[in-house]
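Subject: Structure handover

Hello,

Here is the structure I promised you. Please open it first, then read the notes below it.

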Amino acid sequence: MAGTERLTGLDTSFLHMERAGAHMHVASTSIFEGSAPTHEEFREHIASRLHLVPRFRQKLRFVPLDQGRPVWVDDPHLNLDYHVRQTALPAPGSNEQLRNLASRIFSQQLDRSKPLWELWLVEGLSGDRFAIIGKSHHALVDGVSGVDITTVLFDLDPEPSGSPEKAQPWLARPEPTDLHLLGEALKERLTSPREVYRGFRAALRGPRQILSGLGATSKMIGAATSAPSTVFNVEIGPHRRFAMVQSDLADLKRVKDEHGGTVNDVILSIVTGALGKYLRARGHDTDGLEMRAMVPVSVRAAEEHGALGNRVSAMMAPLPVWCEDPVKRLELLSAEMGDLKSSGQAVGAEILTKLTDFAPSTIASQAARLQPAQRFFNLVVTNVPGPQFPLYVLGRKMESIFPMVPLARRQALCVGIMSYNGQVNFGLIGDFDAMADLESFGLDLEAAARELVETAPAKKAKRKRAAAASGNGAGPLATESRT
């Protein structure tokens with residue numbers, strides 16, 4: 001069909017999972033230096049870049065009788081005033097007020113009859129700052145392609161060369177009728193046997209041979225055993241809480257260099273330490289407790305950067321919550337993650353998600369709805385590498401950016417991490433009722449990071465042991481001011 005593109009099975013699954021308060025959109029809260037642009041300036045700036053992100057001009061159309069996966073079509077009624085919004089914080093414009101606003105925006109489901117994204121310009125933030133809260137459905141973007149969109153919509157220099165861009169003329173392509181959508185879906189189904197065989201064969205064709213793909217798939221299935229019951233795995237509602245914690249990328253790299261592993265291992269160790277502190281402070285026994293985190297892994301090839309949709313797999317990472325020693329905990333996690341990577345678990349997960357492209361839509365729908373009911377993991381911990389250079393919007397520098405990741409059914413806590421310009425920013429999302437003390441978990445995350453960073457003193461402190469004993473020069477984790 002001219003002007004349409006069918007969703008992949010994975011993208012469609014995010015639509016099916018969106019029920020019972022589990023909204024499947026991703027978001028971010030970005031803080032900028034300086035006074036906010038006007039709403040008109042910001043809207044026109046976004047309008048001038050939309051041709052670089054054509055999916056932002058498209059909406060979903062569902063196939064009648066659920067006879068095929070939905071398709072993207074141009075929205076002839078696109079209204080930027082709906083998608084690019086303006087609001088302001090009341091005085092004093094604290095970070096707590098910003099967090100509360102972001103929580104409310106994140107708690108609202110996107111309208112599926114319109115393009116699945118919103119941008120909120122937030123004025124009135126204290127310290128001569130403003131914020132932008134962006135929200136897009138997970139069917140539209142994954143974490144890495146979301147970063148690609150950020151770098152497209154924003155600038156690399158405070159004063160871009162050339163005259164300001166103007167919105168390019170655009171005419172929506174005719175929208176297909178329901179009859180046309182149904183006819184095309186049925187036509188695909190008639191030709192599906194050959195396509196299913198071809199897709200199945202391609203999905204199982206690993207780097208070396210089909211058998212390697214089968215082996216990786218079996219490892220992924222074997223890892224999907226039931227995770228332990230915890231206070232984080234309860235029924236959730238539609239409302240959210242949001243907290244922000246910030247660390248220094250150089251500190252975490254120093255820990256990695258001192259003790260081995262990767263920066264991602266260091267981050268997982270910090271999250272594990274925070275989970276243990278949080279549970280023990282509330283009287284929960286953590287002896288022998290090993291929680292499981294679903295860790296998304298990007299499988300996006302270099303040539304796919306800038307393309308929307310989801311190119312993501314996953315690994316089920318065991319978190320040794322029982323271990324209170326920060327160095328030992330990091331060593332255990334590094335070994336476990338190394339074993340998982342070598343086992344091909346992420347490859348197996350990618351194969352399983354590819355196979356959803358060839359399942360009848362009604363079966364895929366039921367499978368996606370049943371997935372969250374099975375507790376294969378206790379929480380999601382996702383680490384997205386962001387740009388390691390400053391970004392600007394209309395000449396204003398982005399100070400920091402905090403990710404906001406959706407909760408699945410019976411998942412009351414999610415930890416999103418995004419690096420940016422030397423920072424490592426933690427965006428914590430919690431269910432409003434189940435995680436009323438989400439800010440306390442943020443403090444536990446602070447403490448766990450501080451303990452681990454202190455085990456890898458800076459070079460100057462190494463030369464001065466006395467200084468290392470009293471203060472090693474490692475920068476403490478910075479959280480937002482609390483009022």
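**What was found**

Start with a cysteine. Cys414 is buried, with a relative accessible area of 2%. Cys323 is buried too, at 3%. Keep in mind that this is a predicted model.

How many disulfides does the count come to? It comes to zero. As a reminder, a disulfide is a covalent bond between the sulfur atoms of two cysteines.

**Aromatic rings**

The count of aromatic pairs comes to five. One of them joins Phe32 and Phe154. Their ring centres are 5.7 Å apart, the planes make an angle of 85 degrees, and the pair is edge-to-face. Phe32 belongs to strand S2 (residues 25-33). Phe154 sits in the loop between helix H5 (143-153) and helix H6 (178-190). The pair therefore ties together parts that are 122 residues apart in sequence.

Another pair is Phe56 with Trp117. This one is stacked: 4.5 Å centre to centre, with 15 degrees between the planes. Phe56 is in the loop between helix H2 (39-49) and strand S3 (58-61), and Trp117 is in strand S6 (residues 117-125), so the pair links parts that are 61 residues apart in sequence. Both residues, Phe56 and Trp117, are buried.

Ring pairs connect Phe32, Phe130 and Phe154.

**Charges over rings**

Look at Tyr278. The charged end of Arg282 sits over its ring, 3.7 Å from the centre. Then find Tyr82. Arg85 lies over the face of that ring, at 4.5 Å from the ring centre.

**Strand S15**

Why is strand S15 (residues 423-431) largely enclosed by the rest of the structure? Because nine of its nine residues are buried. Gln423, Asn425, Gly427, Ile429 and Asp431 point one way from S15. Val424, Phe426, Leu428 and Gly430 point the other way.

Which strands are joined to S15? Strand S8 (residues 240-248) is joined to S15 by nine bridges, and the two run antiparallel. Val245 has Phe426 in S15 as its bridge partner. Strand S14 (residues 413-420) is joined to S15 by eight bridges, again antiparallel. Here Gly416 stands opposite Gly427 of S15. S14 and S15 form a hairpin with two residues between the strands. In that hairpin, Asn421 takes a positive phi near 50 degrees.

Best wishes

Technical notes
Residues are numbered from 1 along each chain as its sequence is written. This is a predicted model: local features need pLDDT of at least 70, side-chain atom pairs count only at pLDDT 80 or more; totals for chains, interfaces and linings use all residues. Side-chain values use heavy atoms; hydrogens and water are left out. A disulfide is a pair of cysteine sulfur atoms within 2.5 Å. Buried means under 20% relative accessible area, exposed over 50%, partly exposed in between (1.4 Å probe, protein chains only). Rings of Phe, Tyr and Trp (its six-membered ring) pair if their centres lie within 6.5 Å; planes under 30 degrees apart count as stacked, over 60 as edge-to-face and the rest as tilted. Helices (H or I, at least four residues) and strands (E, at least two) are DSSP runs, numbered from the N terminus. A charge sits over a ring if NZ of Lys or CZ of Arg is within 6 Å of the ring centre and within 35 degrees of the ring normal. Two strands pair if DSSP finds at least two bridges between them.
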